[in-house]
Amino acid sequence: MQGTDIESFVGDIQSQVLDNYDTLVAITPRLIIAVVLLLIFWFLGYYVKKLANKRLEKNMNDSLLANFLAGLVRGVILLLGILFVLRFWGFTGVVTSVLTGAGISAFIIGFALKDIGENFLAGILLAFKRPFKIGDVIEITGMKGRVIKLNLRDTQIKTEDGKDVYMPNGSIVKNPLINFTIDGFIRNQFDIGLDHGSDYPAAILLMEKSMLQVKGVLKGERAPMVVVKEITNNAIIVTTFYWVNTFTRVPGYNRVKSQAIVEVVQALEKAGFNLKR
């Protein structure tokens with residue numbers, strides 16, 4: 001019984017193929033040409049994006065904006081390729097509707113792709129307003145990381161633990177954004193507790209001198225500063241403020257903080273100060 005059903009099913013398929021054989025033969029060349037055209041526009045867009053990114057970055061000295069504009073150019077080329085293939089297949093009405101934005105179909109598609117359009121327009125705003133650049137450390141909605149790339153739809157950031165996060169551009173525009181490194185400087189701090197009765201001025205002076213020995217800590221106008229933060233039952237809490245240059249990135253931001261704490265603690269202990277929590 002099952003064998004008979006299979007034979008009947010296969011026979012129906014063969015009958016359908018034979019009935020539409022002439023149609024399939026007629027459209028096959030057009031289908032192949034359409035695929036080839038799409039591939040041509042795809043590779044053309046890739047090549048133009050690569051070339052435009054290189055030229056724009058060289059002339060504008062802004063890798064973030066250059067990359068975004070190059071991606072925009074590639075998107076336009078791909079869209080033109082799709083419209084060209086539709087016209088090649090004879091769907092002139094579809095092409096006209098897309099270009100004019102007329103008809104209920106365009107409205108439905110536009111509504112369905114509202115978020116994509118919003119993120120795209122937000123990407124344009126970010127590219128020209130430039131609240132950050134490639135390599136800046138930013139924080140948005142509690143997510144902190146270094147900016148890797150601005151895409152047409154999202155912004156790629158890499159967190160300190162190595163995760164790649166893709167933030168929708170619309171979310172970045174609509175929420176407060178913190179840029180820690182836009183001017184090349186960032187201030188950090190750490191607290192240390194001194195035992196009651198210590199020679200506080202001597203300890204503060206020693207801490208400031210020790211900080212100047214740490215590689216990556218800035219001097220001059222942005223030299224380290226140590227101030228008394230508060231008094232507790234167990235200790236006098238002092239805070240060390242210092243600046244680092246985020247453009248050099250050598251040594252790293254966290255490494256500077258680690259070296260600074262070690263340097264200060266060792267100097268205080270060597271001088272006979274008792275540290276408290």
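## Close-up views of a predicted model

**View 1. Residue L121 on helix α6.** L121 is found in helix α6, which spans residues 114–129. The model shown here, and in every view below, is a predicted one. L121 has a relative accessible area of 52%, and because exposed means over 50%, this leucine counts as exposed. While you are here, look for N169: L121 and N169 are 48 residues apart in sequence, yet their C-alpha atoms are 8.3 Å apart in space.

**View 2. The five-stranded sheet.** Let us step back to take in the sheet. Five strands make up an open sheet, and reading across you meet them in the order β4-β3-β2-β1-β5, with antiparallel pairing. At the edges stand β4 and β5 (177–179); each has a single partner strand, so one side of each is left without a neighbour in the sheet. On average, neighbouring strands of this sheet are turned by 40 degrees against each other, direction ignored. As a reminder, strands of a sheet pair through backbone hydrogen bonds, either parallel or antiparallel.

**View 3. Strand β3 and its partner β2.** Strand β2 (residues 143–150) pairs with β3 in the antiparallel sense over four bridges. Three residues lie between β2 and β3 in the hairpin that they form. Then move to L150, which stands opposite T155 in β3. Four of the five residues of β3 are buried, so this strand is largely enclosed by the rest of the structure.

**View 4. Strand β3 and its partner β4.** Now turn to the pairing of β3 with strand β4 (residues 164–168), which is antiparallel and runs over five bridges. T155 is a handy landmark here too, as it stands opposite M167 in β4. The hairpin of β3 and β4 has five residues between the strands, and in it G162 takes a positive phi near 90 degrees.

View 5. Q156 lies in strand β3, which covers residues 154–158. Is this glutamine buried or exposed? Its relative accessibility is 12%, and because buried means under 20%, Q156 counts as buried. The side chain of Q156 makes a polar contact of 3.2 Å with the side chain of D164. Setting aside neighbours within four places in sequence, Q156 is in contact with R146, V147, I148 and K149, and also with D164, V165 and Y166.

How values were computed:
Residues numbered from 1 in each chain as written. Predicted model: local features only at pLDDT ≥ 70, side-chain atom pairs only at ≥ 80, totals over all residues. Heavy atoms only, no water. Helix = DSSP H or I, 4+ residues; strand = E, 2+ residues; numbered from the N terminus. Buried < 20%, exposed > 50% of the residue type's maximum accessible area, 1.4 Å probe, protein only. Polar contact = N/O pair within 3.5 Å; in protein donor to acceptor, adjacent residues only side chain to side chain. Contact = heavy atoms within 4.5 Å. Pairing = 2+ DSSP bridges. Axes fitted to C-alpha atoms, helices over the stretch in contact; angles between N-to-C directions.
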